[in-house]
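These are my notebook entries on one protein structure. I record what I looked up, in the order in which I looked it up.

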Amino acid sequence: MKHSLGRRATPRPFLKWAGGKGQLLPDLLERVRAAQPFQRYHEPFVGGGALFFDLYRRRMLGRKQAFLSDSSPHLIETYCGVRDDVETVISLLEQHEAQHSEDYYYQVRADVPSDPIARAARIIYLNKTCYNGLFRVNTKGAFNVPFGRYKNPMICDADNLRAVAEALRKPKVELRHFESVLDRAKPGDLVYFDPPYDPVSETASFSAYDKAGFGHDSQYRLSIVFAELARRAVHVLLSNSYTDRVLSLYEGFTIDEVKANRAVNSRGDRRGKVSEALVRSF
Ligand SMILES: C[S@@+](CC[C@H](N)C(=O)[O-])C[C@H]1O[C@@H](n2cnc3c(N)ncnc32)[C@H](O)[C@@H]1O
């Protein structure tokens, strides 16, 4: 397996995910190093998994047990499909790639297969070819993003998928609400929270990862979970928007302001430099 850190180093996130943390990696790594030596690693909002895959590539997790979870059933099922039968996922993606067109996209979007591995390949195909790479579901939980006009979308990156399957072999990958990390994290563990952003303005919210959304209430609950873990001597790291609400929810913890280009806001196609808050308990 490849472990170099070049642009194409594997494993990398295999889904384009709103709020992906690729850009913040240097800042996050610096803080993960400061938490060393930690015991086990928890990512309760795993999304595309930018930090987990980076830590894996850098061998920074070593033999540590990792727990990766998210509340999106589509996402978790796709992770499990790649982990459990990557060769079938690859061959199904090659079939999608061979037939790719706008009509074919809408046909795949409309038909949800009964087989979980076929559903995993379907989500990867739709994610690579949909408008803006946005993963969005409607109130019924169905993927509803229109066709994206890419010249040559990379639909099947077999090398990366095989490396992802290897990286996912030992971690526990589960469909869980973030609060359940309280049942599991022990003193000396590291928890990285990357929740849906607290909106910079009331109209700038992007929280349609799943049908429940993530409002002020959830942000508040998360800050309570953060404080409880910190009280139990768990190392806790969190990224969020640099808003007055976030500053006040995490008052008393170390909060650094870092700049990032944010790809998704009220109009998914607009980008701009925004401040992000990195909060830590250690
Ligand atoms: C900002 S994204 C994480 C991005 C990820 N760090 C990356 O690099 O791609 C937030 C994630 O939180 C998940 N989520 C939303 N509400 C949740 C909840 N109550 N519990 C657990 N996960 C949740 C979403 O499905 C989404 O994947």
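**Entry 1. Overall make-up.** I counted 9 helices and 7 strands in the protein. The model is predicted, and I therefore checked its confidence before going further, since where pLDDT is low the predicted coordinates should not be read in detail. The mean pLDDT of the protein is 91, and 89% of the residues reach 70 or more. I noted one stretch for caution: over residues 207–211 pLDDT stays under 50, and the model has 16 contacts for them beyond four places in sequence.

**Entry 2. Burial and contacts.** I found that 41% of the 282 residues count as buried. I then looked up contacts with a separation of 6 or more, and 77% of these are accounted for by residues 24 or more positions apart.

**Entry 3. The core.** Which residues have the most contacts inside the largest nonpolar core? They are Val82, Val89 and Val191, in a core of 68 residues. This core lies between domain 1 (22–76 + 167–280) and domain 2 (85–163), because both give residues to it. I noted the general background that nonpolar side chains tend to be buried together in soluble globular proteins.

**Entry 4. Strands 4 and 5.** Strand 4 (residues 190–193) and strand 5 run parallel and are joined by 4 bridges. Within this pairing, I found Tyr192 opposite Leu237 of strand 5. Strand 5 (residues 235–241) is mostly covered, as 6 of its 7 residues are buried.

**Entry 5. Helix 1.** I asked which residues of helix 1 (residues 25–35) are buried. They are Leu28, Arg31, Val32 and Ala35. Seen down the axis of helix 1, these buried residues fall within an arc of 105°, so they line one face of the helix. Pro26, Glu30, Arg33 and Ala34 are exposed on the other side of helix 1.

**Entry 6. His96.** I located His96 in helix 4 (residues 86–99). His96 and Val108 are 12 residues apart in sequence, and their C-alpha atoms are 8.8 Å apart in space.

**Entry 7. Backbone exceptions.** I kept in mind that most residues other than glycine have a negative phi, and that most peptide bonds are trans. The peptide bond from Thr10 to Pro11 is cis, with omega near -5°, and Pro11 is found in the segment before helix 1. Gln36 and Pro37 are also joined by a cis peptide bond, with omega about -5°; Pro37 has its place in the loop between helix 1 and strand 1 (41–43).

I then looked up positive phi values. Arg59 has a phi near 55° and lies in the loop between helix 2 (50–57) and strand 2 (66–70). Arg59 is exposed, with 8 other C-beta atoms within 10 Å. Asn132 has a phi near 65°, and its place is in the loop between helix 6 (116–129) and helix 7 (158–167). Asn132 is partly exposed, with 16 other C-beta atoms within 10 Å.

Terms used: Residues are numbered from 1 along each chain as its sequence is written. This is a predicted model: local features need pLDDT of at least 70, side-chain atom pairs count only at pLDDT 80 or more; totals for chains, interfaces and linings use all residues. A nonpolar core is a set of buried Ala, Val, Leu, Ile, Met, Phe, Trp, Tyr and Cys residues joined through C-beta atoms within 7 Å. A residue is buried if 20 or more other C-beta atoms lie within 10 Å of its own, exposed if 12 or fewer, and partly exposed in between; C-beta atoms are placed from the backbone. Domain bounds come from an automatic or database domain assignment. pLDDT is the predictor's confidence in each residue, from 0 to 100. Two residues are in contact if their C-beta atoms, placed from the backbone, lie within 7 Å. Helices (H or I, at least four residues) and strands (E, at least two) are DSSP runs, numbered from the N terminus. The arc is that of the directions from the helix axis to the C-beta atoms. Two strands pair if DSSP finds at least two bridges between them.
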